[in-house]
Amino acid sequence: MISFSLALLLLIAGYLVYGKVTERVFQADPAKVTPVHTMADGVDYVKLPVWKIFLIQFLNIAGLGPIFGAIMGVMYGPAAFLWIVFGSIFAGAVHDYLSGMMSLRNGGASLPELVGMELGGKVKQVMRVFSLLLMILVGAVFVFNPADLLAMLTPDHLDRMFWIVVIFAYYMMATLLPIDKLIGKLYPIFGLALLFMAIGVLVMLYVHAPLMPEMWDGFYNHKPDPEANPIFPMMFVSIACGAISGFHATQSPMMARCLHNEKYGRPIFYGSMITEGIVALIWAAAAISFCNGYEGLQHFLRDGSPAVLVDTLSRDWLGTVGGVFAVLGVIAAPITSGDTALRSARLIAADFLGVKQKKIIKRLLVSVPIFAICFCIMLLPYDALWRYFAWCNQMLSVFTLWTITVWLARRGRPYVISLLPALFMTMVTMTYIMFAPEGLGVVLADWCGLEGAYMVSLGFGGAVTALFLYLFCKWNKNQISLKTAAA
């Protein structure tokens, strides 16, 4: 448990130290008037207490990723723990904080509008479609696993399909009602369950400490087929929400519309991501400890699912009552991401169409097509939905990080804080789409074998990353020249 404890302390230190650095780079100003003071509408721009905003932001971003993603991703070995820690501190939390604060400075603008301001109108149009489809995809993906868990906890006649209908009906209400009427009232309850889960499992981790392998016991990939699942890039897409996730930047504008002072941006945006990293770290370690190592976890996942592991672990470690509360926390995490994903889809579509959202009839006008598309997507195979969501999610983080980098560079601030993670995630996503089966991986493997496909994918990813860096440096040089000429 030494390595786990060190990782936990590093995450906390990251918030206290690097979070402060990130805040100074942005230059948060408590004296600035926030959108909720000037644009209050009683629907989306509603002043909420800081503790509620934190819980809503945390639950919005803590979907399946930090729990199921961490359980499956930890099979990549100790590298998974390093990615959760350093990815959260230097990439995910920077991404979440700066995108959230940029929205706060621009009237609570949604992500596509922010991208358009910095990268141009053509990119904005692409991002509008891309973000909208991703939000609908999230709403569809985050129905199935909580429905499975609820079916386990309830009588047989309340089966998976029953809970899918119930969850989707809740999504519709959460999308349409003012943010303080349903989300603002339910999230504290969901948050309590999720925090109970995290604390309870953390305590039991130390009780079962002897069963937890240390990082230095074997630093290698524990996947049964490591050649087809190399750590780079596969792990960095599998463990997304526990380290960095583009989805988060689509959720932050909702809270930017409710925040009354910029000084709370760090605990809400940066702090939520660090908290999610802690949850991912706990579940990754708990999965290994409960299954007596990587081989036991591999055997469990081969015969069962992460949902079954969560249910079994919670009941065994926390007892019947504690296990039910823990599982409810795990159920709340994806549901409270799915509902706000569809709400975010409504806001993105409303910004795109220029439709004000104060009246319910106009919210329905925008939302009904979104609900219809989401329901149709739910009919597709779940495994395919999850794989495409994972790649699209990380691709969105690339757009966001480059937008942040340009925003910082325009203002003469230390843009390296976002440039480095932007370059890294560009390399990850471009390599992944070439190597993964859902990309061109199958075609490349047929042409040049698995090893050859991997080398080609790395080369492609490196070339695209180098091109992005060149274009940014060229643009930045022109910006400096224009400023010098103007002076």
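User: Which helix has the lowest mean pLDDT?
Analyst: The model is predicted, local features need pLDDT of at least 70, side-chain atom pairs count only at pLDDT 80 or more, and totals for chains, interfaces and linings use all residues. Residues are numbered from 1 along each chain as its sequence is written, and side-chain values use heavy atoms, with hydrogens and water left out. The protein chain has a mean pLDDT (the predictor's confidence in each residue, from 0 to 100) of 87, with 97% of its residues at 70 or more. Among its elements (DSSP runs numbered from the N terminus: helices H or I of at least four residues, strands E of at least two), the highest mean, 96, belongs to helix H5 (residues 79–105), and the lowest, 80, to helix H14 (residues 306–353).

User: Which residues have the most contacts inside the largest nonpolar core?
Analyst: A nonpolar core is a set of buried Ala, Val, Leu, Ile, Met, Phe, Trp, Tyr and Cys residues joined through side-chain atoms within 4.5 Å. Buried means under 20% relative accessible area, exposed over 50%, and partly exposed in between (1.4 Å probe, protein chains only). The largest such core has 163 residues, and those with the most contacts inside it are Ile67 and Trp283.

User: What is the angle between the ring planes of Tyr18 and Phe90?
Analyst: Rings of Phe, Tyr and Trp (its six-membered ring) pair if their centres lie within 6.5 Å; planes under 30 degrees apart are stacked, over 60 edge-to-face, and the rest tilted. By this rule there are 23 aromatic pairs. Tyr18 and Phe90 make an edge-to-face pair, with 4.7 Å centre to centre and an angle of 70°.

User: How many residues apart in sequence are the parts tied together by Phe236 and Phe424?
Analyst: These two rings form an edge-to-face pair, 5.1 Å centre to centre and 80° between the planes. Phe236 is buried at 10% relative accessible area, whereas Phe424 is partly exposed at 32%. Phe236 lies in helix H10 (residues 231–238) and Phe424 in helix H17 (residues 416–435), so the parts tied together are 188 residues apart.
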